[in-house]
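Please read these notes alongside the coordinates.

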Amino acid sequence: MAISQELYPSQDDLLYEEELLRNPYSLKLWWRYLIARSDAPFKKRRTIYERAVKALPGSYKLWYAYLRERLELVRNFPINHSEYETLNNTFERALVTMHKMPRIWILYLQSLTEQRLVTRTRRSFDRALCALPVQQHDRIWELYLVFVSQKGIPIQTSLRVYRRYLLYDPTHVEDFIAFLIESELWQEAAERLASVLNDDQFRSIKGKTKHRLWLELCDLLTKNATAVSGLNVDAIIRGGIKKFTDEVGRLWTSLADYYIKRSLFEKARDVFEEGMQTVVTVRDFSVIFDAYAQFEESMLAIKMEALGSDEEEEDEEGENGRMEEEGSEEEEEDVRTNVDLSVAELERKILHGFWLHDENDVDLRLARLDHLMDRRPELASSVLLRQNPHNVEQWHRRVKLFEGNPTKQILTYTQAVKTVDPMQAVGKPHTLWVAFAKLYETHGDIANARVIFDKAVQVNYKTVDNLASLWCEWAEMELRHKNFKRALELMSRATAEPSVEVKRRVAADGNQPVQMRLHKSLRLWTFYVDLEESLGTLESTRAVYERILDLRIATPQIIINYALLLEEHKYFEDAFKVYEKGTQIFKYPHVKDIWITYLSKFVKRYGKNKLERARLLFEDAVKAAPADAKKPLYLQFAKLEEDYGLAKRAMKVYDEATKAVPNHEKLSMYEIYIARAAEIFGIPKTREIYEQAIESGLPDKDVKTMCLKYAELEKSLGEIDRARGVYVFASQFSDPRSDAEFWNKWHEFEVQHGNEDTFREMLRIKRSVSASYSQTHFILPEYMMQKDQRLSIDEAKDKLKQAGVPEDEMAALERQLAPAISDTPSKDSNRKVGFVSAGIESQTDGGIKVAENHEDIELPEESDSEDEANVEIAQKEVPAAVFGDLANKRKDTEADEGGDKDGESRLGALERIKRLKKV
């Protein structure tokens, strides 16, 4: 065969060919030759490559570049092209020397995978694994698994490859399981997944938890129940239920679904029932119950559809059956000996007419579904009680579910009192016993109700109050049935103190039950006292009260009730002794009611007959009382002295009361003292009380109030000077800015009764007091104090009001009293900020106008500067150079103004003042 001319070396190739002839084993020369002919046709380059690898068969660089070019050449050809076979042969020739190079194997295997040559590819993968070291197998296995996962690869081939791979790397078992599930090999998938769950050292490379893997196994087993065998599915799922408590409801439904798929419907019902009886959360219960109800509904629907389709067949079978019966009457044949009959026919003939063999069980299924729905509240209650069996409220709710069914209620109560531990109970455990006894009582069975109560009082409760409530409920039941004597006996039995022997035995055990402390229960004793007062005698009632006092469990109310009982039966001295005991037992504030009741009852009983004893009682009561509780006692004491004693003693009591009560009550106490003194001794007597009150250290507010009342008193008596003195004294406690009422009253007083001097003195005192109270009149923002901004007083106040600064009340009062300026405006006449007037503002451009105040006293005008008009002051003009440009501006301004006005503007301040006075 002739060689093509284009394959011969050209003139340009001669240089490389000569070099190669001299040194044919130089990789560098061959590589330079290939680079130089990179644009040549592949046929020529192939020839160069073949010559190069023949000369250097161990060069990885040459083989790799050659194979890459051949791969790029065949990429656009169909896989059945002849070039692919040439490529495979080239790879085989390369692997003779390159069998330790994983990259060459990878290129070869990828090419074979694309060519879909299953057997050749599988064998090539095996050869690669045999040729390469084990450290590089992971690069081959990655491609191998991709190859066996392709469609069209035989399942057995894929299984064997995956099993070999797991021997190399067992951690990728999840990939194998996923492949098995995808290939619908349920049996081996379940076995592998079960083995993974049994391996405690397994760690998922995909981050799956044991819980998730367990759920996947359950789903796999239940959805493919008929395809998986050899595994104890029941034990596997129950193990998951015990181990994983988060998805208990789902696992129970999975187990039931497994039996449903295997057509074991009764077993599935048992699983549903067991699940509802064991779960402890409402969510899991709802999952199981909904699945159970859906199962029953679907079974019922399927049965009804089957019955509808079989009606016609049953009619035909009925006619055939009647004919067979007629024949059987003629010939009685034993069907058990007939071997020609099928199993179905044998069952039909033997079990014909038997109710269990009746296929029309729709009514039974409907009843079963209704029964399940009716049981839902009871089952839900059981779930809540499994969460906490000591929850008393849940037991009461469970009993309410069985209203109208006393038997179920009794069973529930029996179970409740057996289950609930009083020491761990949530709620009041004694209410279960009470409700249990009331159930018997409502049905007229009093004997059993007493048995229940008798058992209940023997239980060791957490608190004494629970046991006392039981005894009270028992006694109330006896009272409802008119057994008064038995009720009293019960209370006597309940309040009996345990014997010394019993106490010693309990102390030896070290665990003291509440029954040992029951005899000190206040609730029990108060109920016992009420019963004795209603049903017993006076002696028995007194004995109960005395027993309460001996046990030192009495309350102030019990003391008062005991005393009132004795008073009703005319035992007054005994009642007072009870009050005495109460005052000795209790302290303030609890003894307050006892003292008030005791004193009022004693005064009402004896009046003036035992006045000294009453005084001693009042003194003791006042001595024991704190300051804030002494006022009512003192008033009661003073009332006693006014009614039955001496007026001087009453005044003494009032005087002591004003010193003993707290400061906030002293004013009201002094008012009462003054009112009683004025009524008994007359108004003049109250002067010394007023003076005492003012000097006693009252708060400033109360001193001012007392001074005003004192001044009104003196004014009513005609003592004007004394009243004025009181006003002067009280002025130091009255800020004119906040207490205008006081100063208005003084103002009215001076207008009516004063003169010019006294009015001036009032104004002086007012200013003095205002100055002592005030700190600053204005707080102006900084921008208001700039030199180029001149504000008047009114403008400044407006700005302050807008800024939220309150107006000074004293300044407003001064502005009222001060004479106003004349209406003639002047450029420099406004008052400058920063000057506080004492009543009169100096003006520069007008006369003084008197403010309109009809109540002001006219005073003669006096002037300290009468000779001011005769004073002559020399004036000298300021040089114009001092003012600079301002002087020129001034001249321009004066040129525009009139002559007279111009003359006035050049006058000095003193001259302008003199002219204003002449006018």
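1. The charged end of Lys61 is placed over the ring of Trp31, 4.6 Å from its centre. A second case is Lys408, which lies over the face of Phe402 at 4.9 Å from the ring centre. The model is predicted, and these distances are computed from it.

2. Searching the whole structure gives 26 aromatic pairs. One of them joins Trp141 and Tyr144: the ring centres are 5.3 Å apart and the planes meet at 20°, so the pair is stacked. Both residues belong to helix H8 (residues 137-148), where they are three residues apart, about one turn of the helix. Trp141 and Tyr144 are both buried.

3. Phe453 and Trp474 also form a stacked pair, because their planes are at 10°, under the 30 degrees limit, with ring centres 5.9 Å apart. This pair links distant parts of the chain, with Phe453 in helix H23 (residues 446-456) and Trp474 in helix H24 (residues 464-480), 21 residues apart. Phe453 and Trp474 are both buried.

4. Trp141 and Tyr144 also belong to a cluster linked by ring pairs, together with Phe125, Phe147, Tyr165 and Tyr168.

5. Leaving out residues up to four places away in sequence, Arg365 touches Arg269, Met299, Leu300 and Lys303.

6. The structure holds zero disulfides. Among its cysteines, Cys218 is buried at a relative accessible area of 1%, and Cys472 is buried at 5%.

Key: Residues are numbered from 1 along each chain as its sequence is written. This is a predicted model: local features need pLDDT of at least 70, side-chain atom pairs count only at pLDDT 80 or more; totals for chains, interfaces and linings use all residues. Side-chain values use heavy atoms; hydrogens and water are left out. A disulfide is a pair of cysteine sulfur atoms within 2.5 Å. Buried means under 20% relative accessible area, exposed over 50%, partly exposed in between (1.4 Å probe, protein chains only). Contact means heavy atoms within 4.5 Å. Rings of Phe, Tyr and Trp (its six-membered ring) pair if their centres lie within 6.5 Å; planes under 30 degrees apart count as stacked, over 60 as edge-to-face and the rest as tilted. Helices (H or I, at least four residues) and strands (E, at least two) are DSSP runs, numbered from the N terminus. A charge sits over a ring if NZ of Lys or CZ of Arg is within 6 Å of the ring centre and within 35 degrees of the ring normal.
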